[in-house]
Amino acid sequence: MSKSGRPREFKDTAVIDAAVEVFRTNGYEACSTDDLCKQTGLGRGSLYNAFGSKHELYEHALRRYHEVGIQAQIEILEQEGPVKDCLRSLLEWEIPRGEKDDSRGCLLINAAGERAKSDPVVERIFKQHVDLLEQAIWKAIRRGQDTGEISKEQSTEELAGMILSSYYGLRVIFPATMNYTLAKRIIDGTLDSIF
């Protein structure tokens, strides 16, 4: 116990990362406290002392997933080199290769589908994620337009919206189908319409 009498902090990234995996696998409603205890290694009392409720842990998991994901996506878009390569890397991000096929999909997309209409926390985190990603895509498109790699005939906003739409479409379609051929066709078609 700390001097204030509060329980020892368990809000470390390992526990939250473990919770991310449980929520990605089960969703929120189907996730039990036992599932969370088993995956995080915490007892029921420790879990509730540290996080207060399943929903509070869910919020921590969503925020962690958002922070790690948006950082990785922005880094992809800000890489040096042709903008087309950056956008292709983004569109291919999280399409698994080889033996590590993972059909669970994106935690934030799944959460939005399951709870955004009824849970303001989910709605807020998902909106923040999409807004930040759209801004990063907009900057990449603008960079390509400034260097002449991308035509200025279409507005930066329209092109960024198209990439964003294709990206999220892929992140819904691919985990549901695991169809690499379709994913490649979507990626190639999206990029061919811009470059």
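Phe-23, Tyr-28 and Tyr-58 come together in one aromatic cluster, in a model that is predicted, so that local features need pLDDT of at least 70, side-chain atom pairs count only at pLDDT 80 or more, and totals for chains, interfaces and linings use all residues. Residues are numbered from 1 along each chain as its sequence is written, and side-chain values use heavy atoms, with hydrogens and water left out.

The structure holds six aromatic pairs, where rings of Phe, Tyr and Trp (its six-membered ring) pair if their centres lie within 6.5 Å, and planes under 30 degrees apart count as stacked, over 60 as edge-to-face and the rest as tilted. One of these pairs joins Phe-23 to Tyr-28, which are stacked at 6.2 Å centre to centre with 20° between the planes. Both Phe-23 and Tyr-28 are buried, a class that means under 20% relative accessible area, whereas exposed means over 50% and partly exposed lies in between (1.4 Å probe, protein chains only). Lys-54 lies over the face of Tyr-28, at 4.3 Å from the ring centre; a charge sits over a ring if NZ of Lys or CZ of Arg is within 6 Å of the ring centre and within 35 degrees of the ring normal. Another pair, Tyr-167 with Tyr-168, is edge-to-face, at 5.4 Å centre to centre and 75° between the planes. Tyr-167 counts as buried because its relative accessible area is 0%, and Tyr-168 is buried at 13%.

Thr-33 belongs to helix H2 (residues 33–40), helices being DSSP runs (H or I, at least four residues) numbered from the N terminus. Thr-33 is buried because its relative accessible area is 13%, and, leaving aside neighbours within four places in sequence, Thr-33 is in contact with Arg-44, Leu-47 and Tyr-48, contact meaning heavy atoms within 4.5 Å. Tyr-48 is also 91 residues from Lys-139 in sequence and 42 Å from Lys-139 in space, C-alpha to C-alpha. Lys-139 itself lies in helix H7 (residues 120–147) and counts as exposed because its relative accessibility is 52%.

Among the contributors to the lining of the largest pocket, helix H8 (residues 156–177) gives the most, with five residues. A pocket is an open set of points on a 1 Å grid over the protein atoms alone where a 1.4 Å probe fits, with protein on both sides within 12 Å along at least five of seven lines, and lining residues have an atom within 4 Å of a point.

Note on methods. Helix = DSSP H or I, 4+ residues; strand = E, 2+ residues; numbered from the N terminus.
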